[in-house]
Amino acid sequence: MRFELERRGECGILLTVKTMGGTLQELGERPLISRIRRQAAGADDVVAGIGDDCAVVRPTPDAAEDLVLKSDPVICGHHFLPDAEPRLVGRKALGRVLSDFAAMGATPRWILVDLVAPGDTTVAYIDAAYAGMSALAQEHGCSIIGGDTCRGEALEFHVFGCGSLPRDTARLRSGARPGDTIRVTGRLGGSLISGSHLSFSPRVREGQWLRDWANAMIDISDGLASELWHLAEESRAALVLDPARVPFTAAAAATAD
């Protein structure tokens, strides 16, 4: 909601209220998610809905396993450049979803892929991209079982995944507690310089192991600072970070930023 003030002579101030939220750029991602979250309906079978790395649902009240659901887009010009190797583009498209499964401690099982592509996209490019996805899926024991295709202005891969984990074992962003230490599973930063944003390895096995003792987990593909904010908000906790102890990659250290 945006307020505008305007002075009219000596009669004081006229207040007008615009109930629309302005543009997405003005609103920002976090407020947008909060607006959507307020309108989303919950149900008894939803263990964790909007606000975490994945949604978690329970198929039946007595189910021994919970299902973990996630979708993520990868779009040319935003997540990768037109000259990027197509096999790595496909790997990144699936890897982003698998990284969110890792943050829940889940096992990936089934994958759907929606392809949006301009008409002049070569078949060889699409074959290579799917080969990259298929290789990563095989590495983590999940299967690409379907999806859809559509012509569009930009090349896009929209990946939806379903995974599973033992009942009540999902590690949520809301689980951090006073006295917890903050740890990461690798060195951070420099992904654009090194190209690792296309070739990273999702920490699925690490996440499955960590769920036995971690109180909260979160995928940090979008950067440490923003993800710490999400963790603090969902856990209603204050986090204290010593920058000198953050483990940076050599590529990140070379930027001196």
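Colleague: Which residues does alanine 117 touch, not counting residues up to four places away in sequence?
Modeller: Alanine 117 touches Cys150, Arg151, Gly152, Ala154 and Leu155, where contact means heavy atoms within 4.5 Å. This is a predicted model, where local features need pLDDT of at least 70, side-chain atom pairs count only at pLDDT 80 or more, and totals for chains, interfaces and linings use all residues. Residues are numbered from 1 along each chain as its sequence is written, and side-chain values use heavy atoms, leaving out hydrogens and water.
Colleague: How far apart are alanine 117 and glycine 152 in space?
Modeller: They're 5.1 Å apart, C-alpha to C-alpha, though 35 residues apart in sequence.
Colleague: New topic: how many salt bridges does the structure hold?
Modeller: Eight salt bridges, each being a side-chain nitrogen of Lys or Arg within 4 Å of a carboxyl oxygen of Asp or Glu. One of them joins aspartate 72 and arginine 96, at 3.1 Å from N to O.
Colleague: Are aspartate 72 and arginine 96 buried or exposed?
Modeller: Both are buried, meaning under 20% relative accessible area; exposed is over 50%, and partly exposed is in between (1.4 Å probe, protein chains only).
Colleague: And what about aspartate 168 and arginine 167?
Modeller: Their side chains form a salt bridge too, 3.8 Å from N to O. Salt bridges with shared partners connect Arg58, Asp66, Arg167 and Asp168 in one network. Aspartate 168 counts as exposed because its relative accessibility is 51%, while arginine 167 is partly exposed at 33%.
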